[in-house]
Amino acid sequence: MGVLEIIVRVSFVAILIKLCMATNHIVGGPNGGWDATSDLQSWSSSQKFSVGDNLIFQYPPNHDVVEVTKADYDSCQPTNPIQSYNDGATTIPLSSPGKRYFICGTIGHCSQGMKVEIDTLASAISSDSPAASPSLADSPVISIIPSTAPEESTISPAESPEAPSPLFETHLESPTFSPVIPSTEFPAAAASPLAQHAPDLSASSSRKGNLQASIAIVLSFLMMLIAF
């Protein structure tokens, strides 16, 4: 299993864990709700909203939830809604960072305080310590990940030692220059140095692969811990 594949799998698991850990924010809770008696502005400022969280509005039939623009929020104008809900138990996912504005569309309720501004951050980490989160380019994890392709020592055929040919040895050492008739039985080929070192290279490559996989798993879990 390649190092890159391990990192991808661990990152996917981290994303799933993040989704499972999404926070459900009950608007006005725990001591209030979506009504005119709750201090919704103080509640909103005390919360940290992140992408993946959910807003939960719980209200009786005489109220509703209307998402509006900033201008309509300031003027309590519900006539041009972005979205409106009146089911009594509305769940709104916070799928992107930025500010969103909600008011009650019942006449007079918005001016009585039934309005809330939600500022969704890109992640929980960035809201706690924006300067402490390192960029991906500066992360030391990337710089120490070993290469997935282990270096293999190769021996050029030109550098490979060859056993001297019996035919040329006989011909050169013969004082009488008598003709040499080659034998039909070929001598056993000398053991190649490359073949002798092949098991060592294979074992070394296997150890490198196991070491790389272990390092990748440890680094991936460190990345996951940093992300949370």
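**A guided tour from Ile118**

Select Ile118 first. Leaving aside neighbours within four places in sequence, Ile118 is in contact with Trp43, Ser44, Phe49, Leu55, Leu94, Gly98, Lys99, Arg100 and Phe102. Please keep in mind throughout that the model is predicted.

Next, select Trp34, Leu55, Phe57, Phe102, Val116 and Ile118. These residues have the most contacts inside the largest nonpolar core, which has 16 residues. The elements that give two or more residues to this core are helix 2 (40-45), strand 3 (54-58) and strand 8 (115-121). In soluble globular proteins, nonpolar side chains tend to be buried together.

Now select Val66, Val68, Tyr73 and Cys110. They are among the six residues of another core, which lies apart from the largest one.

Which way do its side chains point? Val65 and Glu67 point one way from strand 4, while Val66 and Val68 point the other way; all of these residues are buried.

Strand 5 (residues 83-85) pairs with strand 4 in the antiparallel sense, over three bridges; here Tyr85 is the bridge partner of Val65. Strand 7 (residues 98-103) also runs antiparallel to strand 4, and three bridges join the two. In strand 7, Phe102 stands opposite Glu67.

Technical notes
Residues numbered from 1 in each chain as written. Predicted model: local features only at pLDDT ≥ 70, side-chain atom pairs only at ≥ 80, totals over all residues. Heavy atoms only, no water. Core = buried A, V, L, I, M, F, W, Y, C linked by side-chain atoms within 4.5 Å. Buried < 20%, exposed > 50% of the residue type's maximum accessible area, 1.4 Å probe, protein only. Helix = DSSP H or I, 4+ residues; strand = E, 2+ residues; numbered from the N terminus. Contact = heavy atoms within 4.5 Å. Pairing = 2+ DSSP bridges.
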